[in-house]
Every structure is written in C-alpha cells, then in structure tokens.
Amino acid sequence: MIGSVGGALIGEFKVSHVSGRGFSPEEIAEMALEKIVYVGANSHPAIRDQAEAFKGQIREVLVRYMRQAVASHNTTLMNRFRDAGHPELIKLLED
Amino acid sequence: MPISVTTEMPTSFKVEILRALQDFTASTGNTFKLALLKATASGSGTFGAATTNYSNLSTDELANGNGYSTGGNTLTSVTPTSDGTTAVCDFNNTTWSGATFTTCGGLIYNSSTTGGTSGRACAVLSFGGDQSVSSGDFQIQFPSPAASTAIIRIA
C-alpha cells in the first residue's frame with residue numbers, strides 16, 4: 001500500500017501596517033515573539049501554559065531592550081543634529 | 001476587470017524545485033524578493049497557481065516611489081530545514097518604511113538567474129483585500145518555520 005499525505009504548501013502570513021508612525025517596541029516585540037516561540041495547536045495544555053508563561057517573560061525583555069535601543073538611537077541622532085548645526089531638531093526627539 | 005489574487009503555490013514552482021532551479025540556502029543560495037501588487041481596482045491581472053514569473057505582474061505591480069521600489073524588497077532567507085518529516089522554508093519579516101500605498105497582494109520570486117531565467121515565481125500571496133498604509137510602516141510577517149505553519153513547506 002502506498003500512503004501519501006501533504007504536498008507542497010503555503011503557510012499563513014500576516015500583514016501589519018501602521019499609518020503616520022512606525023511600529024512601536026511593543027508591536028515589534030509581538031512580531032519577534034511569533035518567530036521565537038511557536039505553540040502548536042495540538043500541544044498538551046500543560047506545555048502550552050509553560051510556553052505562554054515563557055512567552056510573557058521574553059515579551060518583557062524584548063520590549064525593555066527595544067525601548068533602550070530606541071532611546072540609544074535617539075541619542076545618536078541628537079548628536080548628529082547638534083553636529084550638523086541643527087540643535088533645534090533635538091526637541092522633536094524629546095517629545 | 002480588477003486584480004484577482006489568491007494565495008497559491010505556483011505549479012511552475014513545484015516543477016522547479018524538482019529541477020533544482022530554486023535554492024533557498026541562506027547567503028549562498030538564490031536571491032528572493034517580494035513584490036507588491038497595486039490596489040484591486042487599479043489593475044486587471046489574475047494571480048495564483050498559474051503565475052510563473054515576476055514578469056507576470058507587469059503593470060499590476062505597485063508603482064515605484066512612496067516607499068516602494070520596483071522589484072520589491074529583497075528577502076533574507078533562512079536555510080531550509082526539517083520539522084519532523086516536513087521540509088520547511090523561512091524568511092525574515094520584511095518592512096516597507098515611510099510607505100504610502102494600497103496593495104492587495106504580492107509575489108515571492110527568485111530574482112537570480114537559474115536555468116537561464118530570472119524572476120521565477122515561488123508563492124503568490126493574497127492580502128484578503130486592499131491594505132493601505134499612509135506615511136507609515138507596512139510589514140509582511142512570515143510564520144514560524146514549523147511543519148504546520150511554515151510559509152513554504154513540503155510535507
């Protein structure tokens with residue numbers, strides 16, 4: 001007997017967009033989490049709970065460090081604005 | 001007639017895998033891109049399993065400018081691996097920043113020349129209707145590279 005299940009398949013992707021701004025650290029953290037931790041639909045409830053708890057911890061770490069990265073990049077931009085003779089633009093980053 | 005797009009794996013792609021014309025190996029493999037279609041009412045093509053090449057998009061591709069460059073974004077491929085008995089492929093998420101456009105779908109294609117042809121289609125993506133962004137970020141998020149979720153998989 002020859003059995004066959006499956007084939008070449010396309011997975012479900014997501015389209016995300018925001019207007020008038022870029023993605024926030026929280027939104028990007030959520031995107032990253034979906035790549036880092038995948039909980040299968042048929043996972044045992046206990047394993048799923050553990051995975052969700054782990055996901056929550058990772059989410060906090062990602063958001064914290066992403067905020068730091070944004071703040072740090074803003075510092076770099078502030079210095080570039082100052083060096084370029086446009087210190088008034090620094091205020092835009094502080095708001 | 002407006003653009004008609006359905007999420008499908010092109011039939012030609014299945015053949016090209018068996019003919020070793022699609023190489024998703026990171027860094028040393030082929031270069032893959034994701035091109036976007038115009039808004040549904042702004043075009044007229046039909047895209048799905050019969051789509052074979054990037055050139056099929058023709059005038060239905062999103063216009064250059066406003067955060068979009070003709071040809072689309074280059075994707076960063078992750079070397080295919082296996083999850084159980086399923087072969088899975090993955091790409092890093094891709095973002096169009098500072099974008100202002102409306103799109104109804106896209107095409108992942110091989111921009112490298114293999115077997116004398118470039119632009120071989122890999123996956124047609126429908127966005128389930130028009131998606132608009134104005135002075136913002138537009139991102140396609142690819143699923144986890146697992147047996148039941150990966151963007152391109154052979155089970």
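B:Tyr109 touches B:Phe32, B:Lys33, B:Ala35, B:Tyr54, B:Gly119, B:Arg120, B:Ala121 and B:Cys122, leaving aside residues up to four places away in sequence. B:Tyr109 is also, together with B:Leu107, B:Ile108, B:Cys122, B:Ala123 and B:Ile151, among the residues that touch the most other members of the largest nonpolar core, which has 41 residues. The model is predicted, and chain A averages a pLDDT of 89, with 93% of its residues scoring at least 70.

**Confidence in chain A**
- Where pLDDT is low, predicted coordinates should not be read in detail.

**The nonpolar core**
- The 41 residues of the largest nonpolar core include two or more from each of β2 (32–36), β6 (86–91), β7 (94–110) and β8 (120–141) of chain B.
- The most is given by β8(B), which places nine residues in this core.

- An open sheet of five strands, with antiparallel pairing, runs in the order β2(A)-β8(B)-β7(B)-β2(B)-β4(B).
- The edges are taken by β2 of chain A and β4 (73–75) of chain B, each of which has a single partner strand, so one side of each is left without a neighbour in the sheet.
- On average, and with direction ignored, neighbouring strands of this sheet are turned by 30° against each other.
- Inside chain B, β2(B) and β7(B) pair in the antiparallel sense over five bridges, and B:Leu34 stands opposite B:Ile108 in β7(B).

**The contact between chains A and B**
- Chain A contributes 24 residues to the contact, and chain B contributes 31 residues.
- On the side of chain A that touches chain B, the elements giving two or more residues are β1 (8–10), β2 and α1 (25–36) of chain A, and the largest share, five residues, comes from β2(A).
- That side of chain A divides into 10 nonpolar, nine polar and five charged residues.

**A hairpin in chain B**
- Strand β5 (residues 77–83) of chain B and β6(B) run antiparallel and are joined by five bridges, with B:Ser82 standing opposite B:Ala87 in β6(B).
- These two strands, β5(B) and β6(B), form a hairpin with two residues between them, and in the turn B:Gly84 has a positive phi of about 65°.

Key
Residues numbered from 1 in each chain as written. Chains lettered and ligands numbered in written order. Predicted model: local features only at pLDDT ≥ 70, side-chain atom pairs only at ≥ 80, totals over all residues. pLDDT = per-residue confidence, 0-100. Contact = placed C-beta atoms within 7 Å. Helix = DSSP H or I, 4+ residues; strand = E, 2+ residues; numbered from the N terminus. Nonpolar A, V, L, I, M, F, W, Y, C, P; charged D, E, K, R; others polar. Core = buried A, V, L, I, M, F, W, Y, C linked by C-beta atoms within 7 Å. Buried ≥ 20, exposed ≤ 12 C-beta atoms within 10 Å, placed from the backbone. Pairing = 2+ DSSP bridges. Axes fitted to C-alpha atoms, helices over the stretch in contact; angles between N-to-C directions.
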